[in-house]
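Hi everyone, thanks for coming along. Let me put the model up on the screen, and then I'll walk you through a few helix pairs and the cores.

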Amino acid sequence: MSRAAAPLQWLTMGLLAVGLLGLSPTLSLSLLAFGLAVLTALKLREARSLEERRVVALLQLVGAGLLAALRPELGPSLLQGLAILMALAGLLALELGAGPDWKALLRRSLQVLVAALPIALVLFLLLPRLMPFSNFGAGQGMGAMTGLSDSMEPGSIARLAVSREAAARVAFPLGGAPPALEQRYWRVLVHERFDGRRWRSAAPRLPRPPAGQPTPPPPPPATPGEGIQLWLIEPSGLSAVPWSGAGRPLSADLTLQRSGELQNRAPGSQRRVYALTQAADQGDWRTEPPRPIDLVLPRGENPRLEALATTWGRLGSNRERLDAAGSWFRGQPFRYTLEPGALPRQAPLDHFLFETRLGFCGHYASAFTTLMRAAGVPARVVSGYRGGQWVQPVGGSGYVDLRQADAHAWSEVWLEGEGWQRVDPTAWADGDSLARTLAAGADRAGIPPWDWLQQQWWGLDIAWARWWLGYDSEQQQALVRRLLGDHRHLLGLVVLLAVALSLAASLGGLGWLGRRRSGDPLRLELERTLRAFARQGMAPQAGETLPVFAQRLAQRWPGLAGPLDDFVGHYQRQRFASTPSRMGRRQARRLGRVLRRSLRTGNRSKEAVQREHP
Amino acid sequence: MISAIGAVLLGKEHQVRLALACLLARGHLLIEDLPGMGKTTLAEALARSFGLGFKRVSFTSDLLPADLTGLNVFDPGAASFHFQPGPLFSQVLLADEINRASPRTQSALLEAMAAGRVSVDGTSHPLPQPFLVIATQNGLDQGGTSALPESQLDRFLMRLSLGYPPRQAERALLQGEGLRPDDLSRTFGPEDLLELQARCDRQHCSAALLDYVLDLLERSRRQPGQGHPLSPRAGLALVAAARAWSLLQGRDHVIPDDVQAVLGAVCEHRMDGGQRGERDGELSQRLQAGIDGLR
């Protein structure tokens with residue numbers, strides 16, 4: 001057992017612990033992972049004998065595998081890879097004895113990992129997908145982590161802190177293009193339920209599929225030419241996830257609600273990746289007729305507001321009412337601020353509309369929607385994200401970077417014949433952030449280096465999500481169809497064969513690497529040179545040293561004395577002197593080549609001489 | 001230096017070199033040969049060229065340990081004993097015909113060789129430095145000899161056999177062209193020898209070279225019927241001698257050629273158990289042929 005074994009195994013434990021940090025504790029599988037890690041650490045603490053240490057190494061590998069199933073994203077995957085590398089090095093340190101040092105151990109363990117790649121690739125490409133682990137009995141999402149929340153009561157918020165925390169990223173691979181900046185409204189929640197003060201989402205929570213029930217059939221894949229929006233969201237407590245409002249989900253655990261909310265079966269407390277198509281036409285939810293709940297307004301809460309809206313209610317159509325409200329809004333000195341101060345409990349919206357006229361998006365959306373309902377127009381509040389920065393990472397495809405500061409709320413009103421229309425009253429207010437962004441230009445100049453690095457990382461992250469996590473069962477089936485055509489029943493055989501082949505290739509490669517390592521490059525060079533001489537009938541005698549053999553060679557080929565001296569001298573110095581030169585290998589290769597070439601040319605000239613003078 | 005001694009010992013350059021290497025490696029030398037082959041001349045020439053004290057003891061069957069080490073003598077004037085050093089207290093000691101002495105005397109000598117000091121009546125007396133014993137022994141087939149046991153043979157770093165000089169050299173000898181050891185001028189001092197011995201220890205032995213030595217040792221232990229296996233002390237002796245040899249070759253590192261040059265002298269007497277075979281050096285040559293010397 002090498003002395004490096006214990007530090008390596010503890011290092012692995014540390015890496016696994018870091019990997020555990022990102023797990024949602026509500027997931028039963030992550031509890032299993034926590035338990036396994038604690039067990040392994042305790043076992044490592046008490047392990048003395050080689051057998052116990054072996055058990056620890058195997059537990060660590062199982063733990064890393066479990067983590068890999070739970071966290072397939074790029075960052076955690078790298079961490080898991082590192083942990084597996086260390087665990088393997090620890091195992092090798094146990095098995096290989098005291099000989100190899102850290103560097104040799106890590107190199108060998110890297111070789112083992114690389115040798116396992118073909119098998120991993122075969123399994124990844126061909127083995128039928130399990131359903132995502134995150135579908136197993138997940139608990140409720142934790143409390144609000146984002147700038148969005150199920151319920152919205154802007155009047156109670158005196159001051160809104162701007163958080164630059166990352167919220168989500170969306171990319172448009174397959175030729176899809178991001179919408180123009182002023183059209184970037186990413187909807188998440190639809191608040192239809194209003195009690196006079198607070199807006200709530202009306203969509204029913206999706207029941208978790210009971211264990212054992214087959215997953216719903218996957219939706220049809222995107223047809224070629226159809227654009228795709230690929231989302232990568234940070235953990236949030238919400239079951240609704242952002243989307244562009246146009247398109248069709250490509251994953252079975254996403255459901256589109258009638259209200260236009262995209263509901264997610266997986267818990268929101270983990271990062272996740274999902275994809276939708278990107279349709280040019282608007283979705284069905286826009287033409288879904290309003291429900292009674294979209295007109296509900298507790299009377300008497302805000303009398304001045306109701307009085308104002310009643311005047312608009314006499315107008316003939318919803319469109320006219322909307323236009324009247326819009327022009328009224330634009331005529332008032334509203335100002336956008338993040339520190340509007342709290343509104344009174346009594347008639348808060350009256351106070352906002354007619355007294356302070358200070359607020360952020362929540363105030364405007366809430367007040368405007370209430371006005372519309374009071375005027376008899378079906379209306380609701382939608383929250384989500386607005387804008388987002390278009391980032392073009394070096395050497396990658398671009399994506400829109402959404403921060404919590406981009407959280408936004410706006411209104412949707414029902415217009416006959418047009419369906420649900422987006423109205424953003426905040427845009428009418430003075431000092432709106434989007435207006436400022438538009439004025440400043442989309443590019444936020446002067447990105448700090450840390451942000452720049454983070455954006456590059458996210459670029460990689462999203463590429464990983466696209467190529468690696470995006471390879472789902474549909475693509476797999478397509479590949480199988482392409483490979484096997486009508487003989488799909490042979491899949492098992494093919495997988496078995498491919499695994500066996502890659503296993504043989506891996507083991508062969510490992511063996512070759514091991515052999516190559518034992519014969520060092522200097523010696524290989526010598527042997528190559530010796531073979532060249534052996535072909536001319538000169539081989540070293542048993543136990544003969546190189547200088548002695550070289551002397552014999554020089555006697556037979558006096559012309560070779562110079563190159564022989566150079567090669568042998570260099571070889572001997574490399575081998576036996578106290579300070580071998582750094583470039584020794586390359587130099588030996590060069591000198592060996594010179595020697596062999598002079599042997600060939602010397603022979604040729606000799607043959608030529610013999611031909612001329614037989 | 002070597003040529004100077006070579007002028008005394010005509011035609012024996014290799015043996016002179018080995019003897020010198022033995023001296024540099026702080027080892028002791030066993031010369032096995034017939035009388036009249038120049039053993040004494042070699043010992044004296046070595047001693048002289050380093051300016052070392054030289055003594056000679058002819059071992060006979062009645063030689064006692066005290067005759068070598070010296071003894072406490074009562075001094076009537078001081079009314080006390082004082083130590084009278086024996087011939088062992090010299091820098092180069094020629095122990096002639098060591099195998100004619102009794103085993104007890106032999107072992108007294110060999111203990112002094114190993115420990116570098118002599119104990120008489122409970123007092124330790126350090127021997128002078130450097131200290132080199134050149135022992136000669138006659139062939140075991142000659143009368144009045146008792147063989148040195150293997151354990152004592154192991155303490156000699158090298159065994160040499162001078163052999164007859166080549167015809168050319170012998171002609172020069174007969175013509176009186178050779179020098180006598182007395183004619184040698186002192187070229188080095190004892191402190192130079194100590195310095196050279198220290199430099200020997202600094203000669204670089206690379207891992208590849210040690211591997212070569214280890215392969216040799218391992219092979220000697222694995223091959224039954226090819227002589228006695230080599231002890232770890234034999235390995236130490238081999239490396240020390242090879243270091244000295246490489247220094248004599250003017251290199252600062254040891255190569256397998258150095259090991260091969262001293263292999264016969266260092267290992268043959270440890271492998272054949274004192275029974276010299278028909279051909280001297282056969283066992284070590286066979287050993288050498290079994291190990292890849294190219295490295």
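**Helix pairs and cores**

Let's start with helix H14 (residues 521–535) of chain A and helix H16 (residues 561–576) of chain A: their axes come within 11 Å and cross at roughly 150°. That angle makes H14(A) roughly antiparallel to H16(A), a label used for angles over 145 degrees. Axes here are lines fitted to C-alpha atoms, for helices over the stretch in contact, with angles from 0 to 180 degrees between N-to-C directions. Helices are DSSP runs of H or I with at least four residues, strands are E runs of at least two, and both are numbered from the N terminus.

Before I go on, this is a predicted model: local features need pLDDT of at least 70, side-chain atom pairs count only at pLDDT 80 or more, and totals for chains, interfaces and linings use all residues. Residues are numbered from 1 along each chain as its sequence is written, chains are lettered from A and ligands numbered from 1 in the order written, and side-chain values use heavy atoms, leaving out hydrogens and water.

Back to our pair. From H14(A), A:Leu522, A:Arg523, A:Glu525, A:Leu526, A:Thr529 and A:Phe533 meet A:Leu564, A:Phe567, A:Tyr571, A:Gln574 and A:Arg575 of H16(A), where contact means heavy atoms within 4.5 Å.

Now helix H2 (residues 28–46) and helix H3 (residues 50–70), both of chain A: the axes come within 9 Å and cross at roughly 160°. H2(A) and H3(A) are therefore roughly antiparallel too. Among the contact residues are A:Leu32, A:Leu36 and A:Leu39 of H2(A), and A:Val56, A:Leu59 and A:Leu66 of H3(A).

On to the cores. A nonpolar core is a set of buried Ala, Val, Leu, Ile, Met, Phe, Trp, Tyr and Cys residues joined through side-chain atoms within 4.5 Å, and buried means under 20% relative accessible area with a 1.4 Å probe, protein chains only. Which residues touch the most other members of the largest core? Of its 57 residues, they are B:Ile134, B:Met158, B:Leu238 and B:Val262. Helix H10 (residues 232–248) of chain B gives this core its largest share, nine residues. A second, separate core has 38 residues, including A:Phe329 and A:Phe354.

To finish, chain A as a whole: 17 helices and 16 strands, with 46% of its 614 residues buried. Among its contacts between residues at least 6 apart in sequence, 75% join residues at least 24 apart.

Conventions. Parallel < 35°, antiparallel > 145°, perpendicular 65-115°, else oblique. Buried < 20%, exposed > 50% of the residue type's maximum accessible area, 1.4 Å probe, protein only.
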